[in-house]
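Subject: The model, and what turned up in it

Hi,

Here is the structure I said I would pass on. Have a look at it first, then read my notes below.

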Amino acid sequence: MSWLLDGKPVSSVLLTRLRYLGDVVMTTVLAEVLRAGDPELRIGYLCEAAHAPVLEGHPHLDRIHRLGARRRGADARARVPATGAATGPARGTLGMVAELRAARYDLAVDLFFNPRSAWLLRLAGIPRRIGGTRGSRRRLYTHVVLRPDLPELPLGDLAPGGLGEHLCRLATLVHAGTGQDLVTWAAGRFPPGSLAPRIAGCERAPAPGAPVVLAPAATWPTKEWPAAHWRELVAAWSGRSNRPLQVLIPPGRQDDWSAFAAELPDEGIEVLPPGGLSGVRRLLAASAGVISADGGVMHLAVGLGVPTLGLFGPTDPAIWFPYEGLGPFRVLATRPACHPCDRHTCGEFICLPDLAPADVLDAAVALFGRDGTAAP
């Protein structure tokens, strides 16, 4: 056993990020680091059943626990589960507690730490539980780890931005062979730029003439590039690229984007009906590239190694698009005086509207190439 916590060996770990597709994708770096330090370590992952398809077949995960969840909160409509059930049963809260108790994990690492995930881990009887909240829920964990408390860890080159935010939860683990904390050990084990999200199960195999996928929808309105800008991009596309286009609208957002889809030209572009997340994964893997709003599809494309152009509004790309330099990934963002912020709605919304379609088209041609031969 190569990992220790408080001097005691760890033989099995449960990672959990219940919600939000992009964050689930980003957390796959933790499984890679843990397995690299101990090939015999048993690793499970707990998430909402809607997101489980992106983890199926992952080489560093031994088991996926699928939590059935009703949609709640202001973002519920944008989190409608995709059609097409994932393999494996989804459990309710009580059923999941029983499933986790039977799995007998040594350690749980909560990467979401909302009330439901905190109580699930506590009720499951997992003896050591790492969380990251300073609120009252911290009493449900045995260890609380926050990045601001760890200023000396070499997270920057190893795992920039949000990747490091997730990885720092493991900083209290010690590698038995070297005596180093996990982050310091990983910094010596992984070259800079090599630690990136990875989704398994779909080999990259874009055919000649493969399309570029447009993913305009996001969870929050402030993360969506205006529909008029998408139309302008589509109208100018054929003059700069031979690639056909596909538009991906997720379940729950058809009404919002129906007018946009109806105004698209009949030739050279296809509007895809909502489908299951497994199908979306295959679609992205077979594409020439993706132009996406700041959302789960963007992170999924990066995890598949697909050339990805992310369009950012209020959120900080340094945190939520830490991928430039890790592969064929680029971000575009304007940075007005009010940037960054975490607003979900904004009466003075200017950041994404100020991102010109001509600039997006130039970046797309440079990244994907006119006929599939991308520029360096």
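First, the ground rules. This is a predicted model, so local features need pLDDT of at least 70 and side-chain atom pairs count only at pLDDT 80 or more, while totals for chains, interfaces and linings use all residues. Residues are numbered from 1 along each chain as its sequence is written, and side-chain values use heavy atoms, with hydrogens and water left out.

**Confidence**

pLDDT is the predictor's confidence in each residue, on a scale from 0 to 100. The protein chain has a mean pLDDT of 88, with 92% of its residues at 70 or more. Two stretches need some care. Over residues 80–86 pLDDT stays under 50, and the model has 19 contacts beyond four places in sequence for them (contact means heavy atoms within 4.5 Å). Residues 372–376 also stay under 50, with seven contacts of that kind.

**Strands**

A note on terms: helices (H or I, at least four residues) and strands (E, at least two) are DSSP runs numbered from the N terminus, and two strands pair if DSSP finds at least two bridges between them.

There is an open sheet of three strands in the order 2-1-10, paired antiparallel. Strand 2 (8–10) and strand 10 (174–175) are at the edges with a single partner strand each, so one side of each has no neighbour in the sheet. Strand 1 (residues 3–5) pairs with strand 2 over three antiparallel bridges, and Leu4 has Pro9 in strand 2 as its bridge partner.

Strand 7 is worth a look too. Strand 3 pairs with strand 7 in the parallel sense over four bridges, with Leu14 opposite Ala108 in strand 7. Strand 7 also pairs with strand 8, again in the parallel sense, over three bridges; there, Leu107 has Arg128 in strand 8 as its bridge partner. In a regular strand the side chains alternate between the two faces of the sheet. In strand 7, Leu107 and Val109 point one way and Ala108 and Asp110 the other, and all are buried. Buried here means under 20% relative accessible area, exposed means over 50%, and partly exposed is in between (1.4 Å probe, protein chains only).

**Helix 4**

Which residues of helix 4 (residues 115–123) are buried? They are Ser117, Ala118, Leu120 and Leu121. Seen down the axis of helix 4, these fall within an arc of 160 degrees, so they line one face of the helix (the arc is that of the directions from the helix axis to the C-beta atoms). Their cover includes strand 3 (12–16), strand 7 (107–110), strand 8 (128–131) and helix 3 (93–103). After helix 4 comes Gly125, with a positive phi near 75 degrees.

**Cores**

A nonpolar core is a set of buried Ala, Val, Leu, Ile, Met, Phe, Trp, Tyr and Cys residues joined through side-chain atoms within 4.5 Å. The largest has 69 residues, and those with the most contacts inside it are Leu15, Leu34, Leu167, Leu173, Leu182 and Leu284. Beyond its neighbours within four places in sequence, Leu167 is in contact with residues including Leu30, Val33, Leu155 and Leu195. Another core, of 30 residues, lies apart from the largest one, and among its members are Ala217, Trp257, Ile291 and Leu361.

**Salt bridges**

Side chains of opposite charge can pair when their charged atoms come close. I count a salt bridge when a side-chain nitrogen of Lys or Arg is within 4 Å of a carboxyl oxygen of Asp or Glu. A search of the whole structure finds ten.

Glu263 and Arg231 form one, with the closest N and O atoms 3.1 Å apart. This pair links distant parts of the chain, 32 residues apart: Glu263 is in the loop between helix 9 (254–262) and strand 13 (269–272), and Arg231 is in helix 8 (residues 227–237).

Asp362 and Arg240 form another, at 2.9 Å from N to O. Here the partners are 122 residues apart, with Asp362 in helix 13 (residues 357–368) and Arg240 in the loop between helix 8 and strand 12 (245–248). Asp362 is partly exposed at 38%, and Arg240 is partly exposed at 32%.

Salt bridges that share partners also join Arg63, Arg91 and Glu99 into one network. Glu99 is buried at 11% relative accessibility, whereas Arg91 is partly exposed at 35%.

Cheers
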